[in-house]
Each structure stands twice: as structure tokens, then as C-alpha cells.
Amino acid sequence: MKNKLLWRLCAFIAVGTVLLFWAIAWLTNHTETSMSFIDKAHQDTLYAYGEEAERIYLQEGEQALAAFLREVKTKEDTWLAVVNSQMTTFADTHMLDAFVDRFQIGRSPEWKIHLYFSENPVMEVPFVDDNTHFLIQLPQRMRPGSLLLATRLTLQIALPLVILSLLSFMLYRHVMTPLKQLEKATKEFANGNLEARAMAAMPNRNDELTRLAQTFDKMAQRTSSLIYNQRSLLADLSHELRTPLARIDMAIDFVEQDINREQALSRLRYEASTMRELVEDTLTFAWLNTESPQLNSDDFDLVELISVICEDARFEYPDRTLYVDTPECASIEKSSQLALGQALENIIRNALRHTPEQSKVSLTLASDYKNYIITVTDEGTGVPESMLDAIFEPFFRVDKARAVKNYVHAAKRSGFGLGLALAKRQIAAVGGEISAVNRVHNDGLPTRDTAMYKDAPATKQTGLIVTITLPKSSQLPKPSRAAFAD
């Protein structure tokens, strides 16, 4: 679901608001209800007045009762009376006009009092005969709800303030906890800790802030990789330049001393060319690795490109056999002929370089529904399994891994270890993939290559298989044709 944080915050605020109003209403109602009853001690006092009035009336008479009532009236500063059920007063008392108009007896001291009425109610304590009633207007000191105003202010102002503050704090924590983790990781990364990541300490959640942290981690991973690669590339380039520079120094000394002048000049040209090629390859690799460009401006025939590259390779390595199996044509759209041509040239020359003399390298072009699949197989010694991924790293020496220096022409450079690394980045730039596996067989040739090697002897074969997968157009290649050249 999109905008999870938005919906989570909306739900949090909506539920919190509803709960707040419900809590205020419930607490207000509950508090007012509990405050609407006369205190138990005051109830006992009212009952005591009624019982004493009854005792005096029965034992001492009406005059004594009148004196007692005057005493209570003075003490409580309120109205009181004793009446019978016919609303007739006695003991020198009279009825209130409002009480007569309503024609009702008072309420029990245990009943609820309406806090919002300004006039105090009349309380009733019946005598034993149930025909005589002691009435007293509730004294002001006994009126419940004296803290009603303070309670209402607390419930309507202080309580919402506290609850909203609590909800705001929880909301702040929910939003700021991942942001603080992201801020911490950003500071660590800015201070030079290239391994700092935000998701490592991120709470278990899945929302916009989590995706922000994941985006930061991807950025940090790419940035740290680029920095590490640049450091490694600079260190490797410095190391690679030391040897030609030392040879140039020696050649200059020879020229200055007029020792083998022609040979020294030839060495200077060779080493200068070597350094130029090294620097150009390194800059190209750095550009591809740093910018990660998408090269998709060309439409061309992949078969024609392969044919041109293979013809050049056969001329350079006449003592190896390069077998090519491609369809009549293979149109490819939105790619880069230059980048793909350089990548294929590096891969094919690498295979020829590490294949013994009088041996063969095969290249096949096949296709499936979405991709073209180019397979380059050589007959070298292969690569240790642990180094299959490393051969695509810059300045990794393929000949060191394969240990086939005897197969390389002395007149040709063994390479700088940038060929396959460049090829991988160039193929990635056109949307393709490249991988390598060892080719080891105990009973002849591999099953998928049997047809192409039908005339070859069934001997144990080893080597390296490099597979390139390239996205293609909707046009399918036509039936294949094979070319076998020496």
C-alpha cells in the first residue's frame, strides 16, 4: 500500500481524537455524577436532625420542637419545617412559596443533587409514622459540587492538553526515531565511515521513512563502492605505471649515453604506447564504473559486428583456430556498437591469448525469446573456481590465474588486467550480462558443443566459457551458418 506513513498518521490522529473526546465525555459525566451526591457525613447530619426533631416532638412537645428548629435554622442559616402529609405546618414553621406551588415533598438526602441549579433543594427526613416530615433546605455548606468549576477546567483544558501532548510525543517519536537513525548514519558517512548504514538500526517497519533509509543505504553503498574502487584503481594504476616509467628512465639513460640508441628509442615508443593504452583503458573503466551510463543509441546487425571483430582476431592470432557459428543476421536495437564491439574484442582476444597454439576458440550466437546469447569457449587451462568472479575486476591478471604464459606471443603484451573488467562494464551499459564458467570434460566435448566439434578427436578438453546475454529486438535470427577458418 502506498503512503503507509500518511495512512498511519491519519489513523493515529483520528483514533487519538476520538478517544480524547470519549475520555473527556466519560470522565466529565462520571465525575459530575460522583460529585452530585451529598457527602456521607452531611447525610448523617441531616438524618440526625430529623431523628432529633422526631424525638423532641414525641417526648417534649411542639414548643420544644419549635425551639430546636429555630436553633438549627440559626446554625445552618437555611429554611426548615415540619409538615404532615396534607402539607400543614406546625411547630411555628411555614412553607416556602415555591414549595407550595410545586406541591411536593422534599427528596431523600441520599438522592442525586442537580449541580447546575442555583437554588438548593429541600431535603426530607420522614418520621416513623410516615405522616410527618422533617423538611430542610440543604445548607450551603453541605451542597455538593464545590469543586465543579475546577474539575471542569481540569477536564476541558488540562486533560486535553496532557493527552494531546502525549499523543504528539508518541507521534514525534514514531516519525523522528527513523529520522534520527538516518541523521546519525549520514553524519557517520560524512565523517568518513563508509560502512555506515541507516537500515541496520532502523525499527521494524515498512513505510516512506523506511524506503528513505533504504534509498540512503543504496546511495551510501554506491558511493562507498565508487570511493573504494577509485582508491583501488589509483593504487593499481600507480603500481602498473612504475614498471614502464622505470623502463623509460633506463631507455633515456641509454640514449643520453649513446648505448643501443635505436633499441632505446624503440623501447621508449613501446613504453609510451603501453602507458597511453593503460591510461586510456583506466579512464574508460573509471567513466563506466562511476557514471554507469546507459548506451542505447545504435541499431545494428550483431552478426556483422562479430564478423569484423573475428576477422581482425584471426589476423592477429594466425596460429589459433577461431570457429564462429552465427545466424544470417541478428538485428539489435537501442544498443552501442562501439561499446559492444570493444567488449567482444577484449573477450575474444583474451580467449585467443590464453589458448595454446594450434588449438581453437569457438564463438556461437544463439537467441531466445528476449535475448541474444553469445558464448566464447577457449581451450586454455581454465580459471580456479575461486577466481571466476575476480577475472572481471580491474587489474586482475588472467595469465596469472591461468598460468599459460607460454601461450602468449613474446611480441604481444600480456595485458593490464582491464580487458574483462571493461567488457563487463560495457556490456552492463547496453543492458546485458556476462558470466564465466570452467569447461572440463572427461569424455570428449560438451554436449551443447558436440555439433560444432564433430570433426575433432574425442579427447579431454578444458578451458573457459564466457557467456554474454544481450537484450534484442523482436526480430528473430534466420537459420544459422557456420564459418571455420584457419
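In which loop does Asp 319 lie? The points below answer this and describe the surrounding elements of a predicted model.

1. Overall composition. The protein chain contains 11 helices and 12 strands. It has 486 residues, of which 42% count as buried. Among contacts between residues at least 6 apart in sequence, 72% join residues at least 24 apart.

2. Asp 319. This residue lies in the loop between H8 and strand S6, the latter spanning residues 321-327. Asp 319 counts as buried because its relative accessibility is 15%, and the cut-off for burial is under 20%. The side chain of Asp 319 is joined to the side chain of Arg 320 by a polar contact of 2.9 Å. The C-alpha atom of Asp 319 is also separated by 5.7 Å from the C-alpha atom of Gln 358, although the two residues are 39 apart along the chain.

3. Gln 358. At 66% relative accessibility, Gln 358 counts as exposed, whereas Asp 319 counts as buried. The backbone of Gln 358 deserves a remark: its phi is positive, about 65°, although the residue is not a glycine. Most residues other than glycine have a negative phi.

4. Lys 334. A positive phi is also found at Lys 334, with a value of about 50°, and this residue is likewise not a glycine. Lys 334 has its place in strand S7. With a relative accessibility of 59%, Lys 334 counts as exposed, since the cut-off for exposure is over 50%.

5. Ser 336. The loop between strand S7 (331-335) and H9 holds Ser 336. Ser 336 is buried, as its relative accessible area is 9%. A polar atom of the Ser 336 side chain lies 3.3 Å from the backbone nitrogen of Ala 339. Ala 339 is in turn one of the H9 residues that take part in the contact with H11.

6. Packing of H8 and H9. Helix H8 (residues 302-316) packs with helix H9 (residues 337-353) at an angle of about 40°, and their axes are 10 Å apart. The two helices are therefore oblique to each other. Their crossing is right-handed. On the H8 side, the residues in contact include Leu 302, Leu 305, Ile 306 and Ile 309; on the H9 side, they include Leu 340, Leu 344, Ile 348 and Leu 352. By class, the contact of H8 with H9 comprises 10 nonpolar, two polar and three charged residues. Among the residues that meet here are Glu 316 in H8, and Glu 345 and Arg 349 in H9.

7. Packing of H9 and H11. H9 also packs with helix H11 (residues 419-429), at an angle of about 145° and with axes 8 Å apart. This crossing is left-handed. The H9 residues that make the contact are Ala 339, Leu 340, Gln 342, Ala 343, Asn 346, Ile 347 and Asn 350, and those of H11 are Gly 419, Leu 420, Leu 422, Ala 423, Gln 426 and Ile 427. By class, the contact of H9 with H11 has eight nonpolar and five polar residues, with no charged residues.

8. Leu 340. Which residues of H9 make the contact with H11? Leu 340 is one of them, and Leu 340 is also among the H9 residues that meet H8.

Technical notes: Residues are numbered from 1 along each chain as its sequence is written. This is a predicted model: local features need pLDDT of at least 70, side-chain atom pairs count only at pLDDT 80 or more; totals for chains, interfaces and linings use all residues. Side-chain values use heavy atoms; hydrogens and water are left out. Axes are lines fitted to C-alpha atoms, for helices over the stretch in contact, and angles run from 0 to 180 degrees between N-to-C directions. Helices (H or I, at least four residues) and strands (E, at least two) are DSSP runs, numbered from the N terminus. Angles under 35 degrees count as roughly parallel, over 145 as roughly antiparallel, 65 to 115 as roughly perpendicular and the rest as oblique. A crossing is left-handed if the near helix is turned anticlockwise from the far one by less than a right angle, and right-handed if clockwise. Contact means heavy atoms within 4.5 Å. Ala, Val, Leu, Ile, Met, Phe, Trp, Tyr, Cys and Pro count as nonpolar, Asp, Glu, Lys and Arg as charged, and the others, Gly among them, as polar. Buried means under 20% relative accessible area, exposed over 50%, partly exposed in between (1.4 Å probe, protein chains only). A polar contact is a pair of N or O atoms within 3.5 Å; within protein, one must be able to donate a hydrogen and the other to accept it, and residues adjacent in sequence count only if both atoms are side-chain atoms.
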